[in-house]
Number of protein chains: 2
Amino acid sequence: MHGPLHPTNGEADTHYRILQAALDEFSHNGYKGSSTRVIADRAGVNEVTLFRHFGSKLELLRAAVEDAVQRLQVPSEIDTYLSMSFREGFGKFISDYLMQLSTQSDILMLGFAESFTHPQVAEVLKRFMWKIRSVLLEYFTELHRLGRMREADLPVLTQMVMALIHGTPAMRKRAPTEVTSDLTDVRIVSTLVETVVSAYSLEKEGS
Amino acid sequence: MHGPLHPTNGEADTHYRILQAALDEFSHNGYKGSSTRVIADRAGVNEVTLFRHFGSKLELLRAAVEDAVQRLQVPSEIDTYLSMSFREGFGKFISDYLMQLSTQSDILMLGFAESFTHPQVAEVLKRFMWKIRSVLLEYFTELHRLGRMREADLPVLTQMVMALIHGTPAMRKRAPTEVTSDLTDVRIVSTLVETVVSAYSLEKEGS
DNA sequence: CATGCATGTAAGTAGTCACTTGCGTAAGTA
DNA sequence: TACTTACGCAAGTGACTACTTACATGCATG
């Protein structure tokens with residue numbers, strides 16, 4: 001109908017530039033707060049071109065979120081983490097995940113905010129979170145099976161860890177300086193790791 | 001200028017009804033997504049009356065958020081929590097806090113979402129979170145001073161706990177059934193309590 | 001050269017938005 | 001009765017919105 005295929009032109013990046021501009025605008029001003037006019041301007045493109053590529057504003061949002069999520073690389077090989085100590089492996093998992101989140105935190109927060117009114121966007125994000133959840137749960141399960149971790153309600157623990165990870169960048173955005181003060185994410189992450197390790201590890205300490 | 005004082009009429013609840021409707025609309029559809037027309041309708045009031053009371057849509061938002069936050073009661077007497085065991089006291093604190101949050105979670109999530117573009121709204125929320133943070137930090141500090149809690153980076157630990165509490169309802173909203181499955185907030189909270197207690201308590205177990 | 005394709009330009013449509021103005025009315029107060 | 005206050009109603013204003021239509025341009029491939 002309004003094909004995103006431009007095989008003729010070497011300048012196929014028009015599509016991508018619009019996506020990028022949409023991501024920017026949407027994540028800063030929300031869906032209703034962004035106008036196709038401004039998005040097109042920021043992409044250095046005529047507004048008509050935007051509609052030729054995406055058909056509607058809503059479809060543009062969906063495409064932008066999908067594109068962002070697709071660029072996220074979820075840690076999937078738990079062997080890497082299992083080969084380290086509980087502290088090191090878990091810490092690496094968390095920071096790997098958090099780093100992914102922070103690179104795309106704008107669009108994720110947008111998606112979350114809009115997911116209530118736009119289920120199609122919510123669907124994209126749900127898939128992403130489910131993927132991470134299953135990997136983390138598998139990691140915990142394996143640790144426990146190997147006798148390196150105490151008995152615990154692993155699904156709930158997994159959920160808790162994810163809530164914390166998602167709550168961290170959200171809170172930072174919300175209360176930038178005063179509440180967060182100089183507490184960087186790094187310190188929060190290391191505290192989380194220490195807490196979980198101290199509570200559940202069955203490994204003996206000391207390298 | 002456009003006074004909210006109606007001393008003459010016993011029906012001073014017009015003001016309140018508009019606030020309530022605004023809260024409803026804003027928290028469901030966001031600021032830009034809500035129209036003064038609909039808000040007035042839901043309040044059973046003419047749109048003109050809305051402007052006579054609040055002057056502008058933005059001022060209405062500010063008033064609604066402020067009103068909601070004002071109704072939140074922050075746990076302030078840490079003695080109650082200190083008189084219990086670590087597990088019981090901390091658990092009570094968390095569930096007290098979470099309960100407050102959940103009663104007003106709609107407006108809080110709205111405020112968070114809009115705080116980026118509306119600093120006046122952000123200010124209101126920042127004050128609320130700062131209050132809770134200081135109480136929790138004081139609770140931890142006192143526990144530690146009493147030798148009932150291990151050495152730890154208490155400000156960061158406080159921050160972590162708050163991030164988790166705020167992340168929990170947010171995640172529930174975002175990924176309703178699938179990711180959350182049947183894991184209620186209650187179970188997550190109790191897992192948080194168990195984890196923190198297990199990691200930091202110096203009290204002996206058993207009643 | 002001719003065809004097709006991606007884009008630009010100009011103009012317009014139908015709707016919504018926050019917000020205003022002017023006037024009428026009911027009720028309470030002096 | 002005279003005045004004030006709170007509200008409803010009708011109408012309108014100017015700006016902005018997503019989205020469309022019609023036409024022109026330049027570039028690449030056949």
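A nonpolar core is a set of buried Ala, Val, Leu, Ile, Met, Phe, Trp, Tyr and Cys residues joined through side-chain atoms within 4.5 Å. Buried means under 20% relative accessible area, exposed means over 50%, and partly exposed lies in between (1.4 Å probe, protein chains only). The structure is a predicted model, in which local features need pLDDT of at least 70 and side-chain atom pairs count only at pLDDT 80 or more, while totals for chains, interfaces and linings use all residues. Residues are numbered from 1 along each chain as its sequence is written, chains are lettered from A, and side-chain values use heavy atoms, with hydrogens and water left out.

**Nonpolar core**

- In soluble globular proteins, nonpolar side chains tend to be buried together.
- The largest nonpolar core of this model has 126 residues.
- The residues with the most contacts inside this core are A:Phe90, A:Phe128 and A:Tyr139, together with B:Phe90 and B:Tyr139.
- Leaving aside residues up to four places away in sequence, A:Phe128 touches A:Val69, A:Leu72, A:Val74, A:Tyr97, A:Leu101 and A:Leu108; contact means heavy atoms within 4.5 Å.

**Helix packing**

- Two packed helices are described by the angle between their axes and the distance between the axes.
- Helices are DSSP runs (H or I, at least four residues) numbered from the N terminus; axes are lines fitted to C-alpha atoms over the stretch in contact, and angles run from 0 to 180 degrees between N-to-C directions.
- In chain B, helix 4 (residues 57-71) and helix 8 (residues 119-145) pack at an angle of about 5°, with their axes 9 Å apart.
- Helix 4 of chain B is therefore roughly parallel to helix 8 of chain B (angles under 35 degrees count as roughly parallel, over 145 as roughly antiparallel, 65 to 115 as roughly perpendicular and the rest as oblique).
- Among the residues making this contact are B:Leu61 and B:Val65 of helix 4 of chain B, and B:Val124 and B:Phe128 of helix 8 of chain B.
- The residues of the contact between helix 4 and helix 8 of chain B comprise eight nonpolar, one polar and three charged; Ala, Val, Leu, Ile, Met, Phe, Trp, Tyr, Cys and Pro count as nonpolar, Asp, Glu, Lys and Arg as charged, and the others, Gly among them, as polar.
- In chain A, the axes of helix 1 and helix 4 (residues 57-70) come within 9 Å and cross at roughly 105°, so helix 1 of chain A and helix 4 of chain A are roughly perpendicular to each other.
- The contact of helix 1 of chain A with helix 4 of chain A has 13 nonpolar, no polar and three charged residues.

**Salt bridges**

- The whole structure contains 24 salt bridges over all chains, each being a side-chain nitrogen of Lys or Arg within 4 Å of a carboxyl oxygen of Asp or Glu.
- A:Asp13 and A:Arg17 form a salt bridge (3.6 Å, N to O), and both lie in helix 1 (residues 13-33) of chain A, four residues apart, about one turn of the helix.
- A:Asp13 is partly exposed at 33% relative accessibility, and A:Arg17 is partly exposed at 32%.
- B:Arg37 and B:Asp41 form a salt bridge (2.1 Å, N to O), and both lie in helix 2 (residues 36-42) of chain B.
- B:Glu194 and B:Arg87 also form a salt bridge (2.7 Å, N to O).
- This pair links distant parts of the chain, 107 residues apart: B:Glu194 lies in helix 10 (residues 185-200) of chain B and B:Arg87 in helix 6 (residues 86-103) of chain B.
- A network of salt bridges links A:Asp24, A:Glu25 and A:Arg42.

Definitions and conventions. Helices (H or I, at least four residues) and strands (E, at least two) are DSSP runs, numbered from the N terminus.
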